[in-house]
Amino acid sequence: MKAKERIKPYIYLMPAVVLAFVFTGMPFLSAFIDSFLNINASGEVKGFAFFDNYKLLFTDPGFLNSVKRTLIFTILFVPLNTLLTLVASALTRKKSKISSICEYIFFMPMAFSLSAATLLFKEIFRGKISIANRMLGLDIEWLSEAFPAMLVLVFLGVFLDFGIDYIILLSSFRSIDKSVIEAAMLDGASDERIFFSIELKMVKNIVLAIVFLALKDALLIVAPVTILTEGGPFRSTETIMFYYYIEAFKSNNVAIGNTITVILVLLSVAMMSIATSKRSER
């Protein structure tokens, strides 16, 4: 009976493990093997390439440009997304009539599909007579200039991620043990001291999780780029995943597509490992 009890959890986990292996493990293993092969546009293997695909990729100006653009997007997107989400959840963490109205507003981005939100942003920032220019009193060709186009992409990324990140952080704030806060109030601690010394420290793991989720989204962003800018202007918003889309699906460059897949998976695993180790240290 004891042996059966020990085996039970593994039996329950087995279907999930099998599905993960079939739909994730096997495709990655196939891509890993193919990244060392010479494959033509028809998918025929012409021989071993060894590390030639990796050398070709890391000497390709287009790929290096996509790495640079992804890095710029990440540097702008991750801090802004984390800060706005943290501020919004902190301001509405205490339930009230006003906080309820704010919650509906902050949840609103989740009602938009990715394509609908992207098309909306495309209209808001289209041309010099755009809605954004009229509201801000500016004269900028948002989607026709390199850095403004990147800013629009960052704003769009924040809009798409804000709703779910806000829910996660708000829930973590409201799940804090109230007895701890009440004890601090009895000791004469101010609201600011309670927030920075108690509440913020108790949700720091959730904040870290949101940071790594944002890093993942920054690394894998492709659909908003495709709809909003198509990598332009002058390849200034061409991210790694968009470069992969062009090479693997538009140019039928199977070997390079598989090589990029391997690199992205290894980067994701590295990020997950860092997040796990940071959490265990805490």
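I'll start with the second largest pocket, which has a volume of about 250 Å³. Keep in mind that this is a predicted model.

Its lining comes in part from three helices: helix 7 (146-174), helix 8 (178-186) and helix 9 (191-202) each supply at least two residues. By class, the lining of this second largest pocket has 5 nonpolar, no polar and 7 charged residues. The residues that line it include Arg93, Lys94, Lys95, Arg174 and Lys178, and also Asp191 and Glu199. Among the others on that lining are Phe173, Ile176, Ile181, Met185 and Ile194.

Next, the largest pocket. Its volume is about 310 Å³. It is lined by 16 residues, and those nearest its centre are Thr70, Leu219, Ile240, Leu267 and Met271. Helix 3 (61-91), helix 10 (204-220) and helix 13 (254-281) are the elements that give two or more residues to this lining. Which of them gives the largest share? That is helix 13, with 6 residues.

How does the lining of the largest pocket divide by class? There are 14 nonpolar residues, 2 polar and no charged.

Last, the surface. A nonpolar patch is formed there by Leu13, Met14, Val17, Val18, Leu19, Phe21, Val22, Phe23 and Met26. Together these residues have about 890 Å² of accessible area.

Terms used. Residues numbered from 1 in each chain as written. Predicted model: local features only at pLDDT ≥ 70, side-chain atom pairs only at ≥ 80, totals over all residues. Heavy atoms only, no water. 1 Å grid on protein atoms, 1.4 Å probe; cavity = no way out; pocket = protein on both sides within 12 Å on 5 of 7 lines; lining within 4 Å. Points joined across faces, edges and corners; volume = space filled by probe spheres on them. Helix = DSSP H or I, 4+ residues; strand = E, 2+ residues; numbered from the N terminus. Nonpolar A, V, L, I, M, F, W, Y, C, P; charged D, E, K, R; others polar. Patch = residues over 30% accessible without salt bridge, like charges linked within 9 Å, V, L, I, M, F, W, Y side chains within 5 Å. Areas by Shrake-Rupley, 256 points an atom, 1.4 Å probe, with all protein chains shown as cover. Salt bridge = Lys/Arg side-chain N within 4 Å of Asp/Glu carboxyl O.
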